[in-house]
Amino acid sequence: MSDIDPVHASAAELARAIQGRTLSPVEAVDALLGRIDRLEPKLQAFTEVFAADARLAAEGADRAIRSGHAVGPLHGVPVVLKDLIDLEGRITMGGSAAHRARRAERTATIAKRLIGQGMIVLGKTHTVEFAYGGWGTNQHLGTPWNPWDTETPRTPGGSSSGTGVSVAARMAPWGIGTDTGGSVRLPAAFCGLTGLKVTVGRVSTWGIVPLSMTLDTPGPLARTVEDAALLYEAISGPDPRDPTTRGIQPEAPWSTLNRGVRGLRLGRMPASERDGVAPDMLAAYDAALDLLAGQGAEIVDVDLPFRFSDCMALTEITNAEAYFVNGSLAEDPSAQLGDAVRGRILAGATVSAQAYLGTLHRRAAMKEQYAAALEGIDALLTPTTESAAVALAAVDEAHLPSRFTRFGNLLDLCALALPNGFTGSGLPLSLQIVCRGYEEATALRIGQAYQRATDWHLRRPPM
């Protein structure tokens, strides 16, 4: 018998126990489904729970492992998928009540890879409508409850809100989100998780409902850096159905993961970017940099060629591409769309070809300017958000929380968000580690060094 609790264990711990035959996939799945039964009525993280199929898959995994037929080290480990990811025969609403009856005719590459490695899909999780929002709200399908506050409904972060809530609440050990402007990192920040935004081309988007074909990136939400690295490795690699992945080979981050930060040069954001950030977030940020400096990293002041708000203002790419995908639906006044999301989609109707292509041209120049400013620096560190999760009643849909995240998508970077403290009322704070494109292993290395020296990621919400 295993001495680990399958509800609170990390995915890596579950995998080791299952492969060591001290815990069966049946026990793990039953424990998690029991927790879902207990918490889901309040938290509302899932669009659908595949209880019967998950139990059947767990029984099959148990037999395969006991008979020596494990397909890999993650066989039998449960996972959840954001409701943008197609599973053939299952409903994919993409967060929209207008698509309640949309039954997928294919299985996304990312889902095929997870299932092919023996992972067990517990269910699909809520998202902001069409992934178009950072607070995690959904007007018609409901907003998942952030588990860090049992009394006041707070922002779970979006758009991967349900994955963030389900993993934070220990209803799943890890899950998949997508990130177009921060949608993996924002729920990681608000829900006290570790979330990896990958570089475009690292992970196939085939079979995933698009928001922006230029900027969309699927990625893991987990409770530890080790788990994020495991899931990242499991989903990455070229896919002939996704041309952005061609020629980009899978990356195994393990050779550098535990090397520490000694000798690395880490950038401190400009002092001007501290304006508007909550004092407790800044204090946690400064303490994180001090800790990494104490571990041997060199902290370097960085002079960026633009403000983060400049990247927030460059909306033409997402607006135009979102309108291309869902413009006809947004133009239909009878379609059941959320007011804020409808407005964001319709904004794309006014983006001219000149404005769209001009933004792509400016983006290319900004990428060169950023690379020059960060030459010789291994990562730029920022807070992930301006503050901890805010009360839903205080949300202003016209002001999105992606000030520190959107530049990573615009400039084709990768980034890791991870907890680095708590507010006085017990809400998670978050640090963002931003690295050059295709240097996910470096972001994970820095994050691993931080988590080995702290225990913020081990704290549990009061549920």
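How many disulfides does a search of the whole structure find? The search finds zero. This is a predicted model.

- Cysteine 414 is in no disulfide. Its nearest cysteine sulfur belongs to cysteine 435, 5.1 Å away.
- Seen from cysteine 435, the closest cysteine sulfur is in cysteine 414, and the 5.1 Å between them is too far for a bond. A disulfide would need the two sulfur atoms within 2.5 Å.
- Cysteine 414 has 0% relative accessibility, so it counts as buried.
- Cysteine 435 is buried as well, with a relative accessible area of 1%.

**Backbone background**
- Most residues other than glycine have a negative phi, and most peptide bonds are trans.

- Serine 159 sits in the loop between strand S3 (120–125) and helix H5 (161–168).

- The loop between helix H2 (25–43) and strand S1 (46–49) holds glutamine 44.
- Glutamine 44 has a relative accessible area of 36%, so it is partly exposed.
- Arginine 170 lies in the loop between H5 and strand S4 (174–179).
- Arginine 170 counts as buried because its relative accessibility is 5%.

Methods
Residues numbered from 1 in each chain as written. Predicted model: local features only at pLDDT ≥ 70, side-chain atom pairs only at ≥ 80, totals over all residues. Heavy atoms only, no water. Buried < 20%, exposed > 50% of the residue type's maximum accessible area, 1.4 Å probe, protein only. Helix = DSSP H or I, 4+ residues; strand = E, 2+ residues; numbered from the N terminus.
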